[in-house]
Amino acid sequence: MTSTTAVPADPPVDLWSPRLRAMTVGIVALVSLLAFEALAVGTAMPTVARSLDGLGLYALAFGGSFASGVVAMVASGIWCDARGPRPALWHGVVWFVAGLVVAGAATTMEVLVVGRVVQGFGSGLVSVALYVVVGQAYPEQLRRRIFAAFAAAWVVPSLVGPALAGLIVEHLGWRWVFLAVPAVAIPAALLVRPGLRALTATVATRPPAGALARIGWACGAGASAALLHYGGQQRGVLAAALIAGALAGLVVCVPHLLPAGFLRAARGLPTVIGLRALASAAFVAAEVVIPLMLSRERGFSPTGAGLVLTVGALSWSAGSWIQGRIGSPRSAASLPRAGLACITIGTAGVASALVPGLPVLPAVFSWAVAGLGMGLLYPSLSVLTLEQSAPAEQGRNSSALQLGDSLAAATVLALTGAVLAAGASPGPAGFATTLAVAAACGLLGLALAGRVVPRPAG
């Protein structure tokens, strides 16, 4: 009789297994801090501008951070592909923390704007590097779940961030909205450090040909995005001229930063990135109009309108959780198609609040459906981006995914502001137009969803 020695099976790998636990906690904490700061600053900024007598630079404090983030996303993608995610992540954390400290210690609005620009640059470096970390550190079967955790890391700040920032401003002072975050960001980064060391070392290579040109195009896109943000806060002929100039700049610069075939929705990665941009545009267009619409048309208080947005945030988290538990979708297009269907139906359904005889509940339910769709869609597109990227292109493609997302949101915010400002005061026609555009973006994405599947080789 031949005896055999049983070979113990490898323990199952999970997000919270010993090998990945510290990494998971660290990167989710970093995402949560980026989210908190992005949301909290909006609450604190009016007080900051009054305190520093800097209302004239109010728009630049937001636009400058956004513009530097655009440049950083492109730079981080190039850096990650050439050297791996570690240098970009560490530098990003340093820039992020340094910017917060400068902003928190600022005695003039000019210095605060500098701090915001530095902070935005750090955020852009970190956000792309974290995607590459997921691609290198997590097996494919866990990527849906870690991206679901990223979504949850945004939901909690969206629920408590503005209120917490308001309490900090009232009881501790606005400076602590900036200065408290580094106390958590540094330990979170240290948790990631052991996991980064365990990654396969990337042989340092020179940046790819055309990297310097891409940085130049990124600077142009960032400047255009800042101009778009500023123009969206103006009114009349000035707003129209600034927005037109900014959009022209984006049309010239952005195609050089996204995959070839993006504008014609070529199969595979170009469509994946395009769907993310369309979904972002649809959701943001509806989200920005809901509080104003409910306030003016239905008499909602700011708190009541905010609770409706909270419903969307919670259903987004639920959708992310659901897609993270789906083992293997029937097709790569299944989750994107389901998500975009929910976004289309949900954003269109929100318009029911404009019908005087109808209760508001159907509109609230519709917004929950839209949030569910975003939860199904966003992580699935992140996973598809990594699946369709060669290891040496994960940085560039992760950068393109987030860049398209951010620029689509900025564009629709500016255009929504222009639509709502077109009349003497925002009214049903402007609200209906904005929601129709949102639903149209979702519907276009739904029509294109099948093209996320690459054309078979050969």
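Is Leu20 buried or exposed? Select Leu20 to find out: Leu20 is buried, with a relative accessible area of 2%. Buried here means under 20% relative accessible area, exposed means over 50%, and partly exposed lies in between (1.4 Å probe, protein chains only).

**Before you go on**

This is a predicted model, in which local features need pLDDT of at least 70, side-chain atom pairs count only at pLDDT 80 or more, and totals for chains, interfaces and linings use all residues. Residues are numbered from 1 along each chain as its sequence is written, and side-chain values use heavy atoms, with hydrogens and water left out.

**Stop 1: Leu20**

Stay on Leu20. Leu20 sits in the segment before α1 (21–51). Helices (H or I, at least four residues) and strands (E, at least two) are DSSP runs, numbered from the N terminus. Leu20 and Ala82 are 62 residues apart in sequence, and their C-alpha atoms are 24 Å apart in space.

**Stop 2: the aromatic cluster**

Select Phe283, Trp316, Trp367 and Tyr378. These four residues form one aromatic cluster. The structure holds eight aromatic pairs. Rings of Phe, Tyr and Trp (its six-membered ring) pair if their centres lie within 6.5 Å; planes under 30 degrees apart count as stacked, over 60 as edge-to-face and the rest as tilted.

Why is the pair of Phe283 and Trp316 edge-to-face? The ring centres of Phe283 and Trp316 are 5.2 Å apart and the planes stand at 85°, so the pair is edge-to-face. Colour the helices to see what this pair links. Phe283 is in helix α10 (residues 269–298) and Trp316 in helix α11 (residues 302–324), 33 residues apart.

Centre the view on Phe283. Phe283 is buried, at 5% relative accessible area. Phe283 also pairs with Trp367, and this pair is stacked: 4.4 Å centre to centre, with 20° between the planes. Trp367 lies in helix α13 (residues 361–387) and Phe283 in helix α10, so the pair ties together parts that are 84 residues apart in sequence. Trp367 is buried too, with a relative accessible area of 0%.

**Stop 3: Arg276**

Arg276 lies over the face of Tyr378, at 4.1 Å from the ring centre. The rule for a charge over a ring: NZ of Lys or CZ of Arg within 6 Å of the ring centre and within 35 degrees of the ring normal.

Which residue meets Arg276 in a salt bridge? Select Asp405: the side chains of Asp405 and Arg276 meet at 3.1 Å, N to O. A salt bridge is a side-chain nitrogen of Lys or Arg within 4 Å of a carboxyl oxygen of Asp or Glu. By this rule the count comes to one salt bridge. Asp405 is in helix α14 (residues 394–420) and Arg276 in helix α10, 129 residues apart. Asp405 is buried at 13% relative accessible area. Arg276 is buried at 4%.

**Stop 4: the end of the list for α10**

Select Glu297, found in helix α10. Glu297 is partly exposed, at 31% relative accessibility. Glu297 and Gly427 are 130 residues apart in sequence but 8.0 Å apart in space, C-alpha to C-alpha.

**Stop 5: Ala265**

Move to Ala265, in the loop between α9 (236–253) and α10. Check its backbone. Phi of Ala265 is near 55°, a positive value in a residue other than glycine. Most residues other than glycine have a negative phi. Ala265 is buried, with a relative accessible area of 12%.

**Stop 6: the cysteines**

How many disulfides are there? The count comes to zero, where a disulfide is a pair of cysteine sulfur atoms within 2.5 Å. Select Cys253 and Cys219. The sulfur of Cys253 has its closest cysteine sulfur in Cys219, 9.4 Å away, too far for a bond. Cys253 is buried, at 8% relative accessibility. Next, select Cys342: the nearest cysteine sulfur, in Cys441, is 17 Å away. Cys342 is buried, at 17%.

**Stop 7: a surface patch**

Show the surface and select Val156, Leu159, Val160 and Leu314. Together they form a nonpolar patch with about 320 Å² of accessible area. Patches are made of residues with over 30% relative accessible area and no salt bridge; like charges are joined within 9 Å, nonpolar side chains (Val, Leu, Ile, Met, Phe, Trp, Tyr) within 5 Å. Areas come from the Shrake-Rupley method with a 1.4 Å probe; for residues, only the protein chains shown count as cover. Helix α5 (residues 140–171) gives the largest share of the patch, three residues. Leu159 lies in helix α5 and is partly exposed, at 34% relative accessible area.
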